[in-house]
Amino acid sequence: MGRRADEAPLPTVDTMTTPPTSNPVAIQATTPSPAVTASDLRKTYGRGETAVHALDGVSLALHRGHFTAIMGASGSGKSTLLHLLAGLDSATSGTVHLGGTDLTALDDDALTVLRRERVGFVFQAFNLLPMLTAEQNITLPLELAGARMNAEHRAWLDRLVATLGLRDRLTHRPSELSGGQQQRVAIARALLTQPDVVFADEPTGNLDSRSGAEVLSFLRTCVRELGQTVVMVTHDAQAASYADRVVLVADGRIAGDLSDPTPERVQVALDALRSADSPRSSGGLRGAEILHGASLEAR
Ligand SMILES: Nc1ncnc2c1ncn2[C@@H]1O[C@H](COP(=O)(O)OP(=O)(O)OP(=O)(O)O)[C@@H](O)[C@H]1O
Ligand SMILES: [Mg+2]
């Protein structure tokens, strides 16, 4: 749960819900590492008595060409963090840099262009366009960028479609696809232009374990072979173990940070976080301290 405010916060702006798109020209752009940096990021929903601090001072650097998983309890602020890092929503205070670009300094038009050219996003609720077929949804980023599908795009599209098991679903509309198939279409759309960063909010949440493993392996391959930067929210320790790093979020703050995670280490870290949350537990804080590089905040 987000924490309630004890003083009147600033009003918030809830902007975008349109899918990001990308421009193939921008793929070549080089920007200094890290890929994404957040500094003292805060997001408050509502104001006064009912205000919720969804993010309460998050500072984080996500490295280029890395696969990062973000984990934490429901309501801990994971989606809010992802949306702010991707420039899909504005922070109450603090800054986000995508490469060398300060997102918080951009106006709405510049932010729209940045999202289209440099960010891929897989939404927790897919956000596919109902009137378009699966293939049209996947290629929408190129369409919106005014780019023509060339042979290279076609080959990459073929690989995405084959790997994600969508070959025989391409002419179907989202309403004719299962939740898992819609999820895979959304993943293909986010990866099509190989943007600076792909953000994915629970990309395997609607998949059975086998399709989930295929999608995760594919994301892993994109990171390893293409240098793609991926940031993924997940509840699943097994899914998180595909990442290079796991960042734990609790009550809108960073509560732990593991590199080279295994499912077992992730589970231990999650259990420690849970027991640290429980006021009756005396072993919680001790447990949390074993997190590699943990920066557990006093509550
Ligand atoms: N638009 C909104 N208006 C008011 N409160 C919001 C809004 N969006 C999120 N919140 C609150 O902010 C907090 C963080 O929400 P967020 O969606 O980031 O959590 P989450 O970690 O992604 O949870 P889940 O795992 O359930 O998806 C929650 O307390 C939530 O109720
Ligand atoms: Mg969420």
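**Close-up views of the predicted model**

**View 1. Strand 10 and strand 11 form a hairpin.** V247 has D257 in strand 11 as its bridge partner. The model is predicted: local features need pLDDT of at least 70, side-chain atom pairs count only at pLDDT 80 or more, and totals for chains, interfaces and linings use all residues. Residues are numbered from 1 along each chain as its sequence is written, while chains are lettered from A and ligands numbered from 1 in the order in which they are written. Strand 10 (residues 245-250) runs antiparallel to strand 11, with 6 bridges; strands pair if DSSP finds at least two bridges between them. Between the strands of this hairpin lie 2 residues, and D251 adopts a positive phi near 50°. Strand 11 (residues 253-259) is mostly covered, with 5 of its 7 residues buried. A residue is buried if 20 or more other C-beta atoms lie within 10 Å of its own, exposed if 12 or fewer, and partly exposed in between, with C-beta atoms placed from the backbone. Helices (H or I, at least four residues) and strands (E, at least two) are DSSP runs, numbered from the N terminus.

**View 2. Strand 2 pairs with strand 3 and with strand 5.** The pairing of strand 2 (residues 36-45) with strand 3 is antiparallel and comprises 8 bridges. Within it, V52 of strand 3 is the bridge partner of Y45. These two strands form a hairpin with 6 residues between them, and G46 in the turn has a positive phi of about 75°. Strand 2 is also antiparallel to strand 5 (residues 93-98), over 5 bridges. Here S93 in strand 5 stands opposite R42.

**View 3. The shell around ligand 1 has 15 residues.** Y45, A54, S74, S79 and T80 come nearest to the ligand; a residue is near a molecule if its C-beta atom, placed from the backbone, lies within 6 Å of it. Strand 3 (52-62) and helix 2 (78-85) are the elements that give two or more residues to this shell. Helix 2 provides the largest share, 3 residues. The shell comprises 4 nonpolar, 9 polar and 2 charged residues. In this classification Ala, Val, Leu, Ile, Met, Phe, Trp, Tyr, Cys and Pro count as nonpolar, Asp, Glu, Lys and Arg as charged, and the others, Gly among them, as polar.

**View 4. Helix 2 is largely enclosed by the rest of the structure, because 7 of its 8 residues are buried.** The buried residues are K78, T80, L81, L82, H83, L84 and L85. Just after helix 2, G87 has a positive phi of about 70°.

**View 5. L128 lies in the loop between strand 7 (119-122) and helix 4 (134-144).** L128 is buried, since 23 other C-beta atoms lie within 10 Å. Apart from neighbours within four places in sequence, L128 is in contact with N137, P174, Q182, V185 and A186; contact requires C-beta atoms, placed from the backbone, within 7 Å. L128 and S175 are 47 residues apart along the chain, and their C-alpha atoms are separated by 9.8 Å.

**View 6. Helix 9 has V266, A269, L270, A272, L273 and A276 as its buried residues.** They cover an arc of only 160° around the axis, which puts them on the same side of helix 9; the arc is that of the directions from the helix axis to the C-beta atoms.

Methods
Two residues are in contact if their C-beta atoms, placed from the backbone, lie within 7 Å.
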